[in-house]
Amino acid sequence: QVQLVESGGGLVQPGGSLTLSCAASGSIVYINIMGWYRQAQGKQRELVASITGGQTTSADSVKGRFSISRDNAKKTVTLQMNSLRPEDTAVYYCNARLLPSGAARYSDFWGQGTQVTVSS
């Protein structure tokens with residue numbers, strides 16, 4: 001059974017930093033894309049950043065402040081968030097598009113979500 005487990009959320013003051021980590025576990029043949037999404041209260045879930053191979057994609061609102069990295073051997077993805085703003089407050093979800101063992105196609109898997117609150 002494939003699982004994504006996140007860690008690292010919490011409360012931080014504006015201008016502060018947080019690091020989110022996500023680890024995939026279970027019987028996995030290959031992970032294609034790993035990324036982070038967020039959902040603020042009353043809003044739709046949106047892509048924050050993703051990484052596949054050596055390429056990264058990030059939302060315009062976080063460019064220059066957030067960075068994403070990945071460790072393929074450990075099946076982990078990390079989101080380093082700097083210069084946090086109140087508008088970054090949301091539940092952050094880890095996502096992976098991967099091929100489980102025995103499966104014929106790639107599927108999207110999600111973590112349980114971790115709260116990030118930016119407030120003074």
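Me: Is Thr114 buried or exposed?
Reply: Thr114 counts as buried, because its relative accessibility is 13% and the cut-off for buried is under 20%. Keep in mind that this is a predicted model.

Me: Thanks! Where is Thr114 found?
Reply: Thr114 is in strand β11, which covers residues 114-118.

Me: And what does its side chain reach?
Reply: The side chain of Thr114 comes to 3.3 Å from the backbone nitrogen of Gly9.

Me: Which residues is Thr114 in contact with, leaving aside its neighbours within four places in sequence?
Reply: Gly9 turns up here too, along with Glu6, Leu20, Ala90, Val91 and Tyr92.

Me: New topic: how many disulfides does a search of the whole structure find?
Reply: The search finds one. Cys22 and Cys94 form it, with their sulfur atoms 2.1 Å apart.

Me: Remind me, what is a disulfide?
Reply: Happy to: a covalent bond that joins the sulfur atoms of two cysteines.

Me: Is the disulfide of Cys22 and Cys94 left-handed or right-handed, and why?
Reply: The torsion about the S-S bond is about -80°, so this disulfide is left-handed.

Me: Which parts does the pair tie together?
Reply: Cys22 sits in strand β3 (residues 18-25) and Cys94 in strand β9, so the bond links parts that are 72 residues apart in sequence.

Me: Are these two cysteines buried or exposed?
Reply: Cys22 and Cys94 are both buried.

Me: Now Asn95. Which strand is that in?
Reply: Asn95 is found in strand β9, running over residues 90-100.

Me: Buried or exposed, and why?
Reply: Asn95 is buried, because its relative accessible area is 5%, while the cut-off is under 20%.

Me: What lies 3.4 Å from a polar atom of the Asn95 side chain?
Reply: That would be the backbone oxygen of Phe109.

Me: What else does Asn95 touch, not counting residues up to four places away in sequence?
Reply: Quite a list: Asn95 touches Leu4, Ile33, Met34, Gly35, Tyr37, Asp108 and Trp110, as well as Phe109.

Me: Let's go to the surface. Which residues form a nonpolar patch there?
Reply: Val29, Tyr30 and Tyr106 do, and together they have about 310 Å² of accessible area.

Me: Pick Tyr30. Where is its place?
Reply: Tyr30 belongs to strand β4, residues 28-39.

Me: And why does Tyr30 count as partly exposed?
Reply: Tyr30 has 46% relative accessibility, so it counts as partly exposed. That label covers values between the buried cut-off of under 20% and the exposed one of over 50%.

Technical notes. Residues are numbered from 1 along each chain as its sequence is written. This is a predicted model: local features need pLDDT of at least 70, side-chain atom pairs count only at pLDDT 80 or more; totals for chains, interfaces and linings use all residues. Side-chain values use heavy atoms; hydrogens and water are left out. Helices (H or I, at least four residues) and strands (E, at least two) are DSSP runs, numbered from the N terminus. Buried means under 20% relative accessible area, exposed over 50%, partly exposed in between (1.4 Å probe, protein chains only). A polar contact is a pair of N or O atoms within 3.5 Å; within protein, one must be able to donate a hydrogen and the other to accept it, and residues adjacent in sequence count only if both atoms are side-chain atoms. Contact means heavy atoms within 4.5 Å. A disulfide is a pair of cysteine sulfur atoms within 2.5 Å. Patches are made of residues with over 30% relative accessible area and no salt bridge: like charges are joined within 9 Å, nonpolar side chains (Val, Leu, Ile, Met, Phe, Trp, Tyr) within 5 Å. Accessible areas come from the Shrake-Rupley method with a 1.4 Å probe; for residues, only the protein chains shown count as cover. A salt bridge is a side-chain nitrogen of Lys or Arg within 4 Å of a carboxyl oxygen of Asp or Glu.
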